[in-house]
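These are my notebook entries on one protein model. I record what I looked up, entry by entry.

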Amino acid sequence: MQIGLVGLGRMGGNMRTRLRGAGHTVIGYDTDPGRSDATDLADLVDRLAAPRAVWVMVPAGHATQGVVDLLATLLKPGDVVVDGGNSRWTDDERHARELGGRGIGFVDAGVSGGVWGLENGYALMVGGEAEHVARLRPVFDALKPDGPYGFVHAGGVGAGHFAKMVHNGIEYAMMQACAEGWELLERADSVDNVREVFRSWQEGTVIRSWLLDLAVNALDEDPHLERLRGYAEDSGEGRWTVEAAIDHAVPLPAITASLFARFASRQDDSPQMKMIAALRNQFGGHAVESAKE
């Protein structure tokens, strides 16, 4: 299958490589000419055969809106746009209306996998009309992990990004629990090998997980996380999850507390946030801040 890919950064570039490895033709565009196959969006669209499919992997908000607005003027009826960034589900609904008025389909795809997705595959949570999702299924199959899991058509437009938002909210809470346990172990006088305690949990325990494996990776690199400042950003999806919980009257005490803990990290050099920062760097390649000398 042929597809255009807009945004060839940390995830988009790896997705292009994985798709090409599966035999698909990918024409990519990025504002960095060193990464780009096309000179601009118009060139990308011109090089695609109709009916076209264009996957957008740029930051949520104004950047995504700008690309969608321009694609609306370049694409034709029967073409389809996929937003694979971390957009808010309410933006998806607007994009679908705007593009649908021109006969252009729209699919939202929540993508999880970070910097490991090239090798392991990406978990995909997709929203949109069944005919558009079915048309793109060869691309989804190439990106997802091998085996029966890692892809879901979650529902109509917006469902994919809503599912990814909840996924990230759960991720916040799981990382926070890991970080709190690590700090308590570090403080206990009787425990003198916290890294190996974490390693021992990787097999046979009910908390074994990929996040636990990544925590061990981080501790192997920096046994007491002394090189990191206890500061962690939030991507925005944690906030949206809490807002959606309020709208639906669903109690989310763990996820809400984990979001507030990140806010607290911006006030002090929080030990727990050293672990959160380390985990975000391990699975997503997110930037970390070095501890001050």
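**Entry 1: helix 1**

Is helix 1 (residues 12-21) largely enclosed by the rest of the structure or largely open? I worked from a predicted model. I found that seven of the ten residues of helix 1 are buried, so the helix is largely enclosed by the rest of the structure. The buried residues are Gly-12, Gly-13, Asn-14, Met-15, Arg-16, Arg-18 and Leu-19. I then looked up what these residues pack against, and noted strand 1 (2-6), strand 2 (25-29), strand 3 (53-56), helix 5 (117-120) and helix 7 (137-143). Just after helix 1, I noted that Gly-23 has a positive phi of about 95 degrees.

**Entry 2: the nonpolar cores**

I recalled a general point before this search: in soluble globular proteins, nonpolar side chains tend to be buried together. Which members of the largest nonpolar core touch the most other members? Among its 25 residues, they are Trp-55, Val-107, Leu-124, Val-126, Phe-140 and Leu-143. At least two residues of this core come from each of strand 1, helix 1, strand 3, strand 4 (80-83), strand 5 (105-112), strand 6 (123-127) and helix 7. Helix 7 gives the most, with four residues.

I took Leu-143 as an example. Leaving aside residues up to four places away in sequence, I listed its contacts as Met-15, Arg-18, Leu-19, Trp-55, Gly-121, Tyr-122 and Leu-124. I also recorded a second, separate core of 24 residues, which includes Cys-178, Val-216, Leu-228 and Met-275.

In what order do the seven strands lie in the open sheet? I read the order as 2-1-3-4-5-6-7, with mixed pairing. Strand 2 and strand 7 (151-155) are at the edges and have a single partner strand each, so one side of each is left without a neighbour in the sheet. From one strand to the next, the twist averages 25 degrees.

Strand 4 and strand 5 run parallel and are joined by four bridges; Val-80 has Gly-105 in strand 5 as its bridge partner. Two helices were checked against the sheet next. Helix 3 (residues 62-74) packs on the sheet and touches strand 1, strand 3 and strand 4, with its direction at about 165 degrees to that of strand 3. Helix 4 also packs on the sheet, touching strand 4 and strand 5, and its direction makes about 150 degrees with that of strand 5.

Strand 5 and strand 6 run antiparallel, joined by five bridges, and the partner of Ser-112 in strand 6 is Ala-123. Strand 6 and strand 7 run parallel and share four bridges; Gly-127 stands opposite Gly-155 in strand 7. Four of the five residues of strand 6 are buried, so this strand is largely enclosed by the rest of the structure.

**Entry 3: aromatic rings**

How many aromatic pairs does a search of the whole structure find? I noted six. One of them is the edge-to-face pair of Trp-89 and Phe-162, with 4.9 Å centre to centre and 80 degrees between the planes. Trp-89 lies in helix 4 (residues 89-100) and Phe-162 in helix 8 (residues 159-187), so this pair ties together parts that are 73 residues apart in sequence. Trp-89 counts as buried at 13% relative accessibility, whereas Phe-162 is partly exposed at 27%.

I also noted that ring pairs link Trp-55, Phe-140 and Phe-151 into a cluster. Lastly, I found the charged end of Arg-262 over the ring of Tyr-172, 3.8 Å from the ring centre.

Key: Residues are numbered from 1 along each chain as its sequence is written. This is a predicted model: local features need pLDDT of at least 70, side-chain atom pairs count only at pLDDT 80 or more; totals for chains, interfaces and linings use all residues. Side-chain values use heavy atoms; hydrogens and water are left out. Rings of Phe, Tyr and Trp (its six-membered ring) pair if their centres lie within 6.5 Å; planes under 30 degrees apart count as stacked, over 60 as edge-to-face and the rest as tilted. Buried means under 20% relative accessible area, exposed over 50%, partly exposed in between (1.4 Å probe, protein chains only). A charge sits over a ring if NZ of Lys or CZ of Arg is within 6 Å of the ring centre and within 35 degrees of the ring normal. Contact means heavy atoms within 4.5 Å. A nonpolar core is a set of buried Ala, Val, Leu, Ile, Met, Phe, Trp, Tyr and Cys residues joined through side-chain atoms within 4.5 Å. Two strands pair if DSSP finds at least two bridges between them. Axes are lines fitted to C-alpha atoms, for helices over the stretch in contact, and angles run from 0 to 180 degrees between N-to-C directions.
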